[in-house]
Amino acid sequence: MALFEMKFQPGVNKQDTGVGATDRWIDSDNVRWRYGLAEKVGGWASLLTNTIHGVARRQLAFTDLEGNRYVGIGTDKFLLIYFEGTLYDITPWRTNSSGAQITFGASTITTNSTAPGTSITITTGSAHGLEIGDIVALESVTMPTGSGINKNNIEYTSSDKQVCQVVTVPSNVTFTITSPTAETAGGGSDLTSGSACTVSPYQRVGPAEQSYGYGFGIGDYGGTVTGSESNQLDGALNADTAGTGGSGTAVTVDSTTGFPSTGTIAVGTVPTAELITYTATNATNFQNITRGALGTATPGTSNGQAHSDNTALQNATKWTNWGDAVNATTVTLEPGLWSLSNWGQVLVATVANGKTYTWNSGVTGDTKFTTRASMNTTSYVTAISSGDGNPTASRFTLISPTTRHLVHFGTETTLGDSSSQDDMFLRFSDINAINTFAPEADNSAGDQRLQDGTKLMGAIVAKENILVWTDNALYTMKYVGSPYTFEFEQVGTNCGLIGQNACCEIDGVAYWLSNNGFFSFDGTVNSLPCVVEDYVFDDFATTKGQQVYAGINNLFTEVIWYYPSSGASYNDKYVVFNYGESGRQPGGIWYTGVNTNSIRTTFIDATIYPKPHATQFNSSSTGTFPDVVGASGLGQTVYFEHEVGTDQLNPDNTVTTLTSFATSYDFAIQTQEGMGEFFLAMRRFIPDFKTLTGTAKVTVGVKNYPSSSSTDSTYSPFSVTSSSTKFDTRARGRYANIKIENESSGEEWRYGTFQVDVQADGRR
């Protein structure tokens, strides 16, 4: 028989059946299509010998005025700068509303020599507000007299940026860390004498993983909300209806900073604490109180409970009644996210639902790398001052590129009052003024509340517009000048964004992932035809949408979405839309992958750097940067440069093989009686590779019916090299398919056509 030539069309079709996806590929991993041909993707190499603590959620590449290149990397724990092969920790310190660093001086250290271990207890002079997993730095450390633990193991110095992870929080004034070495045995039980240190907490970013749900799984037992603002009483409360000291209608505390202006506090230990409502505050008092609220009075009375001086209390404004499930709408369950933009050579970094910090790469010399991002960076202050300044709680931020307005999305209606945060409200600064947000007659600062949706989800700079998504709609934000500054127009509905980083823009077209599918905007909102849509959405943890990351690889005209599948804690799949190739095929050119080595949490295109940069996260490994004492459960991020070589080059210079495969549809032989009426007999095939380095494996699979499982034909698989000419095979079945793959390091391939000797061979 003569050879029969099959040329498969580009991309993967998972919307049809294996038989129905005529002329298409039906599965792939680490494969792309270029000029119609399938090929293995390029490799990647670690840019660092270090790995990063935590999961990276955002990257931004930028330059200073001298052309030096930087990448800002935001993780769930740290804000880092990558500069020409080296990482620097610029994570901001925790600050108050004026941007001043919060520290806890005169703290004491306790170790145990009777039951020696590695646990160290730190006692602060006031409520610390720390949570398990928080990062702190300890300075001016003096270990207890007789302690066998060297203070250099845990002390922070300017030359050794050593930090500690909070392991437990026994009370609002104590927390524990883990020492690298154990205490030595001695005569006493708790060693405290002569100990001292200063505690400097890092700015908290948020959890590594997004979790939604209803019931007890999302909050503490008894209806509390994890991470509530805490403080302590300044004076005792009696078991009566009065305030501190048995008189008045106010409860005095060390500070009301961080508490809403009206709300509820829980005094004492959950679940037996007393709830007290209030309608006003000043610096140290909750005013107009009602004691024993919601059934938490002294048993048998309407009076409040008795509490001694320094009793811990928490913000219970969003708690439910004891024993009730916590409503998901009242709990912050989104992962720790950053918004990163550049104000020229200045990095602008906003913590999701938090404050905004700046870092100036233009500082002379290497001192910039020992300077942390701050709200009080010289000439780029973002702290509240004299009733003006950056909001203190925003979902995300963005800088208008031509007018240099700093825009806060999902932010405060009252500047400086985080309790006034409105998820649909946005503010923009005066033109070219990074810290002027109060609207005045002589400036262009302003605000706007959008209507369609429940929260603002993301925004990107696009051609002539800023595109702003809610969870249901798309708006354009266009500069129009005085008096309105920006004009807002709703251009789409039922097309909301699934996560802050699930959108991107290239060549004037925006692409994004919604709960309702894939969309593009080129002046009109378009639903993207997608031949892998059911495959993606039938196994997609849509409740983890804030972990989705959309990246662009413009060299290969690819938009890549990395996403978590159902039941996965972190991203474990990817889907690619090839916008450059999609004119070749109805339904677009799409491909997918699940290779663990290929999954990313961030991805940026080749702009400042000549190759794409991306981050890979492994929750079961431990990072090495920054050097964190007692690190546990933070996971590990590896920073890769893509399209380098053929495999994965790891931080320790070892190589991980990059495997790949593409599987064709199930084809049948056409006779005058119809397609698939006769079994086919395949006797030989001629391999046709445009490029082949090393060995490619070709497997011929056969099946008798569409619903049957494919089995390998006789002699399969076949090892193909660049010198291979033909292969004899004995394959018989009603349907057949081919699979092209590689399994070893140093291999790459690009497949052409399938030339096969096939003929009809009976009806059974």
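## A four-stranded antiparallel sheet

Four strands, in the order E39-E40-E41-E42, make up an open sheet with antiparallel pairing. The model described here is predicted.

Within the sheet, strand E40 (residues 509-514) pairs with strand E41 (residues 517-521) in the antiparallel sense, and five bridges join the two. Alanine 510 is placed opposite phenylalanine 521 in E41. In general, the strands of a sheet pair through backbone hydrogen bonds, in either a parallel or an antiparallel manner.

## Threonine 476 in strand E37

Threonine 476 belongs to strand E37 (residues 473-481). This residue counts as buried because its relative accessibility is 7%, and the limit for a buried residue is under 20%.

Neighbours within four places in sequence aside, the contacts of threonine 476 are Asn465, Ile466, Leu467, Glu487, Phe488, Glu489, Val491 and Phe521. Among them, Phe521 is also the residue of E41 that stands opposite alanine 510.

## The largest cavity

The largest cavity holds about 180 Å³ of space. It is lined by 17 residues, of which Arg32, Val41, Ile560, Tyr562 and Tyr574 are the closest to its centre.

Strand E4 (31-34), strand E44 (558-563) and strand E45 (573-578) each contribute at least two residues to the lining of the largest cavity. E44 provides the largest share, three residues. Sorted by class, this lining of the largest cavity comprises nine nonpolar, five polar and three charged residues.

## The second largest cavity

The volume of the second largest cavity is about 50 Å³. Its lining consists of Phe8, Trp25, Trp33, Gly36, Leu37, Ala38, Tyr751 and Gly752. By class, six of the residues lining the second largest cavity are nonpolar and two are polar, while no charged residues are present. The lining of the largest cavity, by contrast, includes three charged residues.

Key:
Residues numbered from 1 in each chain as written. Predicted model: local features only at pLDDT ≥ 70, side-chain atom pairs only at ≥ 80, totals over all residues. Heavy atoms only, no water. Pairing = 2+ DSSP bridges. 1 Å grid on protein atoms, 1.4 Å probe; cavity = no way out; pocket = protein on both sides within 12 Å on 5 of 7 lines; lining within 4 Å. Points joined across faces, edges and corners; volume = space filled by probe spheres on them. Nonpolar A, V, L, I, M, F, W, Y, C, P; charged D, E, K, R; others polar. Buried < 20%, exposed > 50% of the residue type's maximum accessible area, 1.4 Å probe, protein only. Contact = heavy atoms within 4.5 Å.
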